[in-house]
Structures are given as structure tokens and as C-alpha cells.
Amino acid sequence: MTAETATPFHDLDHYVALRRLAGLWLSPDGSRLVAAAQQLSPDRKKYVTSLWQVDPSGARPARRLTRGTTGEAGAAFLPDGSLLFVSKRPHEEWPEPPESMRSGDSDEPADTNGTTSREVSTGEGNDADKPALWMLPAGGGEARRVVGRPGGVGGVMVARDAGTLVFTAPTLPGTKTADDDRERRKARTDASVSAILHEGYPVRYWDHDLGPDELRLFAADPFDVDEGHPRPRDLSPEPGRALDEGAADVSADGSTVVSTWKVATRHGDHRVDLVAIDTATGERRVLASDPDHDHESPQISPDGRWVVCTRERRSTTDAAPDVTLWLVPANGGEQRDLTPELDLWPHEPRWSPDGHTIYFTADERGHCPVFAVDVATGCVRRLTASGAYAALEPAPDGRSLYALRNAVDAPPSIVRLAVDAVDQEAERLRGPEATPALPGRLTEVTATAEDGSDLRAWLVLPDGASAEQPAPLLLWIHGGPLSSWNTWSWRWNPWLMAARGYAVLLPDPALSTGYGQEFVERGWGRWGAEPFTDLMAVTDAALEVPEIDADRTAAMGGSFGGYMANWVAGHTDRFKAIVTHASLWALDQFGPTTDVASYWFRELTPERALANSPHLSAEQITTPMLVIHGDRDYRVPIGEGLRLWWELNRLHDGDPAALPHRFLYFPDENHWVLSPNHAKVWYSTVFAFLSWHVEGAGWERPELV
């Protein structure tokens, strides 16, 4: 490698500093496109998000709008083009008056004498340490804080025509007003109480506890962007856990919010309904409810008459989930399936401006294209040819669609699509994102499964690999398991391995999405069967590629991919090293201790859990393993990693100093390991472990660990 051939993937410091897109929003008139981009903080210890304005025509370069030290998120436009966003930053705040001086439950005082004063917020009583809602005027100028809550402000929505404001805010149960909430929080803090009393299941999610807050929806009437301040109304005063991890949309006229609503069911489970909430009265009515289906991602039609959502069949031991687009009349009536013949799982629906078409994305054979379905006829067409798309934003003129496009070999970028084209390649706009050169090329490998199913995988070949100088192979197994290798990943990035000379195989075995329902079903409840044999079949096909060295191979995976890495370790000795991250080891232990146990028990009966549990094959493991786990991982609790590590040590008969395994433990990281410096440690340790066992270079302990 020379200075001319080096890429950011050859240097971890350079890699973690690359700017990354994280969101996209279009103004109601289509004239302003705003993107969120993540970059390193000045101390290089975390990522912060800033908002950038992007020219929808593609003529001008992106321009940075915000520079908050803690970052910005959750953007939305008011009808006049003013930009709302959520941020935790120093501010001047209206002083809090007595409750009797308020109109409704506002965080701003009533103007009792025609004048107001401002003071710099310094204490807990002024909510200084919580994210608030800020507004950047359309005509320019300084951003100002418009709404705060004692527990902070979350997702924000604005009625396209009316300007009605809707947002979520964590609120302590039993509190009626912002003052009640604030006083209860202060009392807990003063008493050093962190305990949470639960009255149902679940109690945590991914990497955070559920509670003591409950998420509530608030609405506020349109306000004067120059002088006025919104006065929020609580739309869901006693929601319990109903709005956790939910999604909502507000009608163009501002009269109605349609939201997901979790309903607790027997045996520690829940279903997800759709509800409509009147923004003036808070009256709630059920739009869609079915004990056998969950309803997610609601979007209200431009005329307010319809709601489209994704409808997912709830899995059972006999059947995997299945997803379709579901059309629901807003005022009652017959509901219907919009995509009954589509053998793919649609997600992220968005209405066209005229309400005749719904755009959506769906995994398909290593890609995630944009599709369009005609509401009247159900006719589906594919708009894009390659890549994976997200954050769809239909333009108000009805001719264009903006989105974020990425692929295994391309980080997210901002693009524009023509809605009347098919199988098109998107037009890239001038965004703030990085466009790094890659240290290799992407190709495909195909194979045939034991049952005759067609299999495919992406294969990353590093620069310089040839038949004369073949590269070692790293089998990288995706998580999920209902997932696919079809997008760029900053966290699980194969190009970092390619920069070190590895070919990387990215297969989609049974249970992967994008290949039809039957392909998912063939691995359902059979994790150690078809998913495993599919992986081995694709690996065999990859080893036939002349540029790959069949004598130097390793395997790696995270989450379900970590489960498969553990299963591989106990069922074959063909690999020289295995890296297992956030992995499931003992399924009888994992099932009851994960954050959403009810989901896994629908698929894995106690008998299935034991039949597919890697821990029962511990004594067959001869391959050196690098175990990686974060203590704040609630999806795959730390007990899995600890138990695996103990088994590897217990079964090692040789000199303890010659132990071939290693355990990389992160006390304050979660399922993914997100901080930039910990990501560097993660990759440095993986590089060292593979170099030791695959390349025979000897063990060199990475710095800082």
C-alpha cells in the first residue's frame, strides 16, 4: 500500500472521522431539503448530529445549519418553512410561573401584563439538562427554544397545512401537569431514588430501562413563529407502555393523530393496534386491531380519508411473520391488503401528493429497492434497479422522490428519483456526506442449498487479490435473523477487513429477507439446520473463487450472527478462528432473560431451544474464539457471553497461559458498541486475533486494552 492507494479504511482514526448521513426531511413546498449528518465531537469521544440544507435541484453544495455541541435530531418543517428540531443546548428560558397563571399545561407563562422577561436556565427546575424543541426561522436568524418538558422532548410532527404541532415527551406516571412532573423528578433526585416499579412486561429494551417515564403524545395549536409560543395539550394522560417504540402521523388539517398503540396480552406478550386521537379533545378510538397481527408505520393520506400501515402477521411456532401493506379507512369501513401478491416484506410507506400512489421499500435479493403501488388497482412496480433506500420524501409536485441511497459498497447519499421511471439509477445530490474510496471491489457468489434452494452472497475482494496471491476468507454472518446483507453498515463494515487483505463473504442463508416467504419459513425454528448448511454451501462456493485462499479462513458474526458463529464453532473445525459478538450461547437461558422474551417464545418452544442451542456442543469446539460482549446489551444479556467464556476456559486442558481464546468485554457498551474509540478497540482486537490465528503472526495485545 502506498500513500496513493491508501483509503480511510486503512486507518481507524480516519475511518471513524468520516461524516455519516442520519436522516432526511423535505419542506411542505419542496424548496428545502434538510439532512442530518453525524460527525466526531471536538474531543473525538462521541458522535454529534448536525442539520444541513441540501439543494433539491442538485446545483448548490450542502450548507450547514446547526452547530450545537450536543447535536440536533428529530427535524420537522412548519408550513412557512421554519425548521423545528430537538436539541439539548444552553438557552434562555421563560421563567416558570405558578400553575394558576397558565393557560392549559404550557411550559411557557401566560402573558398577564403584556411584558415578559428572560433568564438563563441554570437549575434542574428549568429543565436545562433535557432535550427541548427548537425553531430555526425560515428567513434566517438565531434558533430559539419553543417547547420544553421536565423529561425532555422526543419525536416531532407538524400538520402539513394547518401547522398543528405534535410531539412525544417522557412523563412520570400519575402526573397531570409539567409542574407535577418536575416536582416528582426533583423529589426522586433529592432522595437518590432510581428504583422503577413495574406493573407489566417488558421492563427494558435494547440498551435502556423502560420507566419510570411513560411516553406521552402532546399537541399544540399553530403559533406565531415570531412571537408566539405553543401551549401543549396532553393527548395520552395515562398511556402506560402503549407508546413505547411507536410511530405516529398527523393529518394535514391537524385534527387527528394516528399512532401505534401497544396492548398488553396474556403470557407477557402484547399486540400493536392503530388508534386515532383527536388533537383538540384527546378522544381516542381504535382504527385497526387484530389479535393475530401487529400494525406499524402509519401514514395518513393527503385528504385525511385513509391510513396506510404495515401489517405483520404475528409469528407462531408454526409460521414466521409475514408483512403486507394495509389500507385502513380513517372513519371506519372495510380494510384491505394493498400488496397481497407481493412475496416481499414492505416497509416505510409514503403517500404521493395526490393520494393515488403509495411508495415503499422492501428487501429484494441483496438490495432494498423503492416500489410504488397504485391504491386503486394494487399494481406494484419497482422504481429502482440497485441499492438500498430509506427516508423516502415525495416532492409536492408529484414528479420526484427524494431518499437516502446506500449499498454494501456505497455509504448513504442523498438522491432524487423520477416517480414515473422503473429500474432507474438514482440521481445523486450534493450532500454533506463522505464518499471514501474503497480498498477492493464487490462481486457475488451463488450456490445451491441441500434442499435445492437458490443461495447467493456478496463477496468483497480486496485490492491485490489474485490467483497468484489469493486472499484469506472471512465469512461474516448477518444478525437479525430476519435480515439481509443489502445495506452499508458503519458498524459492521467489511471494507475495513478488505483493507487488511481479507476477502469477506456476506451470505443470506435461510431466514434472510428479500427472497420470499418460503425462504424465511425453511429456517423458522430450525436455526441450526438450514441456516447453517446454507452458510457452509455458500462458503464452499466462495472457496472456488481463484482469488481466495481455501487454507486461510475465519468466521464472524454478531447477535444472531454471533449465535451462528457459536453453532459453527461446535459443528465444524474448518475455520482457523471465529469471532462471536453479542452472541446467543444457551437458548434456554437467553429466552427468558432477553428484553422481549415473548417474541422468541413464539418461535422457539423449550424443545426447539434445546435442539438448536450451541452450548450443548461446547465440548466439540476446537477453533480459537474471540468472544465480545457489552454489559448494557439487553437484547442478548451479558450472561450469554460470560457463560460462553467460562465454557471455553473450563474445557481448555492445556497450560492456561496458552489459552487460544480471548474475551473483549465492554462494561458500558450495548448490543452494537457505538462510541468511536470503542469501535476502534473492537476492530483492533479483531484484527489482532485474526492475524494471530489465520496469518500465524503471533498474539499482539492491542493498545488501550
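1. C379 counts as partly exposed because its relative accessibility is 48%, where buried means under 20% relative accessible area, exposed over 50% and partly exposed in between, computed with a 1.4 Å probe on protein chains only. C368, by contrast, is buried, with a relative accessible area of 4%. This is a predicted model, in which local features need pLDDT of at least 70 and side-chain atom pairs count only at pLDDT 80 or more, while totals for chains, interfaces and linings use all residues. Residues are numbered from 1 along each chain as its sequence is written, and side-chain values use heavy atoms, with hydrogens and water left out.

2. The structure holds zero disulfides, a disulfide being a pair of cysteine sulfur atoms within 2.5 Å. The sulfur of C368 has its closest cysteine sulfur in C309, and because the two are 18 Å apart they are too far from each other for a bond. C379 is likewise in no disulfide, since the nearest cysteine sulfur, that of C368, is 20 Å away.

3. Helix α10 covers residues 638-650; helices here (H or I, at least four residues) and strands (E, at least two) are DSSP runs, numbered from the N terminus. The expected span of a helix is 1.5 Å times one less than its number of residues, so the 13 residues of α10 should span 18 Å, and this agrees with end C-alpha atoms that are 18 Å apart. The buried residues of α10 are I638, E640, G641, L644, E647 and L648. Among the elements that cover these buried residues are α6 (560-571), β38 (577-581), α7 (587-593), β39 (625-630) and β40 (662-666).

4. Helix α6 also meets helix α5 (residues 530-542), and the two axes come within 11 Å and cross at roughly 75 degrees; axes are lines fitted to C-alpha atoms, for helices over the stretch in contact, with angles running from 0 to 180 degrees between N-to-C directions. That makes α5 roughly perpendicular to α6, since angles under 35 degrees count as roughly parallel, over 145 as roughly antiparallel, 65 to 115 as roughly perpendicular and the rest as oblique. The contact (heavy atoms within 4.5 Å) is made by P531, F532, L535 and M536 of α5 and by M564, W567, V568 and H571 of α6. By class, this contact has seven nonpolar, one polar and no charged residues, where Ala, Val, Leu, Ile, Met, Phe, Trp, Tyr, Cys and Pro count as nonpolar, Asp, Glu, Lys and Arg as charged, and the others, Gly among them, as polar.

5. Some backbone details deserve a check, given that most residues other than glycine have a negative phi, and most peptide bonds are trans. The peptide bond from G211 to P212 is cis, with omega near 5 degrees, and P212 lies in the loop between β14 (208-209) and β15 (214-220). The bond from G480 to P481 is cis as well, with omega near 0 degrees, and P481 is placed in the loop between β35 (471-477) and α3 (494-498).

6. A582, in the loop between β38 and α7, has a positive phi near 45 degrees and is buried, with a relative accessible area of 1%. V673, in the loop between β40 and α11 (676-693), has a positive phi near 65 degrees and is buried at 0% relative accessible area.
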